[in-house]
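This briefing goes through one protein chain by topic. Keep the sequence and the 3D view open while reading.

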Amino acid sequence: MEPLVLDSKTRLLVLTGAGVSAESGVPTFRGMDGLWENHPVEAVASPQGFEANPSLVWRFYSQRRAGAADVKPNPGHDALVRWEEHLGDRFLLATQNVDGLHTKAGSRRVVDMHGNLFRTKCADCPREPFADTTVHPSGTVPRCDGCGGRLRPDIVWFGEMLDPGDLARIGEFITRKDGTRLVFLAAGTSGAVWPAAGIVDEVRSARGDTWLVNYESAANTERFHHFVQGLSGQVLPTLAKLV
Ligand code: OAD
């Protein structure tokens, strides 16, 4: 197999999805035993679901907080840390994962596209989101100290906008004109959710090389130049040649 060459002329954008955390024991969303099999997305991951039943939403995210609290990064996360140490500012990691495992592993240049499971914000006032590990397993809806409104997890739900600053950071990395060659690698993501699923096309428009590492074929596999089928914790540690 052709290696992914990471040299001084390369800048690398990585996109990760739930599959990268699977080997750490965090469940994925789609497919067998996926979270969306047993929890209707609209009920637990949309503003409408929160309006209808905030208690159900807190039970769901409390379970996820509890489940992700003690998990450890796996060799896939560790490989990305080594790549970043090698490339420095020529590396950017955009993740759809909200479990914080990339940061735990030691990644620094991370864009949390879909928010953070261990942060809470107010649904009713614009106070800054804050770090929060508390769980509400019985579905008590926590209240805002500032306005008395309902607190909610700081997750980007379906139908909500991603942070424009996050999208700009990714866009600027893709279009950066510093004489380096752009490479994009997506790992552990089904390619079903936008705008993440469209990054491969933005990179292609910028004439970048594109790689997909995934256990199964994704919805957008054919958009990638290279598809390496396998588990990210096994593939990523040996995929790149650091020169
Ligand atoms: P999905 O659950 O949709 O897809 C996970 C992908 O990872 C699947 O294609 C699996 O084949 C693959 N996979 C599973 N284990 C793997 C492993 N060990 N190594 C490599 N690949 C593996 O998860 P995402 O694509 O991340 O959004 O889902 C995108 C978004 O949809 C999530 O961020 C979440 C969800 O709804 C929100 O909650 C807002």
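The model is predicted. Its chain is divided into domain 1 (4-26 + 72-114 + 161-242) and domain 2 (32-70 + 129-155).

**Domains**

- The C-alpha centres of domain 1 and domain 2 lie 27 Å apart. Their contact takes 5 residues from domain 1 and 6 residues from domain 2.
- About 390 Å² of area is buried between domain 1 and domain 2, and carbon and sulfur atoms give 48% of this area.
- On the domain 1 side, Val98, Lys104 and His114 lose the most area to domain 2, together 63% of what that side buries.
- Between domain 1 and domain 2 there are 0 salt bridges, and 1 residue pair is in polar contact.

**Nonpolar cores**

- In soluble globular proteins, nonpolar side chains tend to be buried together.
- The largest nonpolar core here has 23 residues. Its members that touch the most other members are Trp36, Ala45, Phe60, Tyr61, Leu117, Ile155 and Trp157.
- At least two residues of this core come from each of helix H2 (35-38), helix H3 (41-44), helix H5 (54-69), strand E5 (115-122) and strand E7 (151-155). Helix H5 gives the largest share, 5 residues.
- Domain 1 and domain 2 each supply at least three residues to this core.
- Phe60 is in contact with Leu35, Trp36, His39 and Val44, leaving aside its neighbours within four places in sequence.
- Another core lies apart from the largest one and has 22 residues, among them Leu12, Ala79, Trp211 and Leu236.

**Salt bridges**

- The whole structure holds 10 salt bridges.
- Asp132 forms a salt bridge with Arg65, and their closest N and O atoms are 3.3 Å apart. Asp132 lies in the loop between strand E6 (130-131) and E7 while Arg65 lies in helix H5, so the pair ties together parts that are 67 residues apart in sequence.
- Asp132 has a relative accessible area of 11% and is therefore buried. Arg65 is also buried, at 1% relative accessibility.
- Asp124 forms a salt bridge with Arg150, with 2.9 Å between the closest N and O atoms. Asp124 is in the loop between E5 and E6 and Arg150 is in the loop between E6 and E7, so this pair ties together parts that are 26 residues apart in sequence.
- Asp124 is partly exposed, with a relative accessible area of 40%, whereas Arg150 is buried at 16%.
- Glu51, Asp124 and Arg150 are linked in a network of salt bridges.
- Glu160 and Arg152 meet through their side chains in a salt bridge of 2.8 Å, N to O. Glu160 counts as partly exposed at 24% relative accessibility, whereas Arg152 is buried at 6%.

**Two single residues**

- Is Glu84 buried or exposed? Glu84 is buried, because its relative accessible area is 5% and buried means under 20%.
- Glu84 is found in helix H6 (residues 75-87). Not counting residues up to four places away in sequence, Glu84 touches Phe91, Ser107, Arg108 and Arg109.
- Gly67 has its place in helix H5 and is partly exposed, with a relative accessible area of 46%.
- Gly67 and Gly25 are 42 residues apart in sequence, and their C-alpha atoms are 8.6 Å apart in space.

Technical notes:
Residues are numbered from 1 along each chain as its sequence is written. This is a predicted model: local features need pLDDT of at least 70, side-chain atom pairs count only at pLDDT 80 or more; totals for chains, interfaces and linings use all residues. Side-chain values use heavy atoms; hydrogens and water are left out. Helices (H or I, at least four residues) and strands (E, at least two) are DSSP runs, numbered from the N terminus. Buried means under 20% relative accessible area, exposed over 50%, partly exposed in between (1.4 Å probe, protein chains only). Contact means heavy atoms within 4.5 Å. A nonpolar core is a set of buried Ala, Val, Leu, Ile, Met, Phe, Trp, Tyr and Cys residues joined through side-chain atoms within 4.5 Å. Domain bounds come from an automatic or database domain assignment. Buried area is the accessible area (1.4 Å probe) that two parts lose on being put together, summed over both. A salt bridge is a side-chain nitrogen of Lys or Arg within 4 Å of a carboxyl oxygen of Asp or Glu. A polar contact is a pair of N or O atoms within 3.5 Å; within protein, one must be able to donate a hydrogen and the other to accept it, and residues adjacent in sequence count only if both atoms are side-chain atoms.
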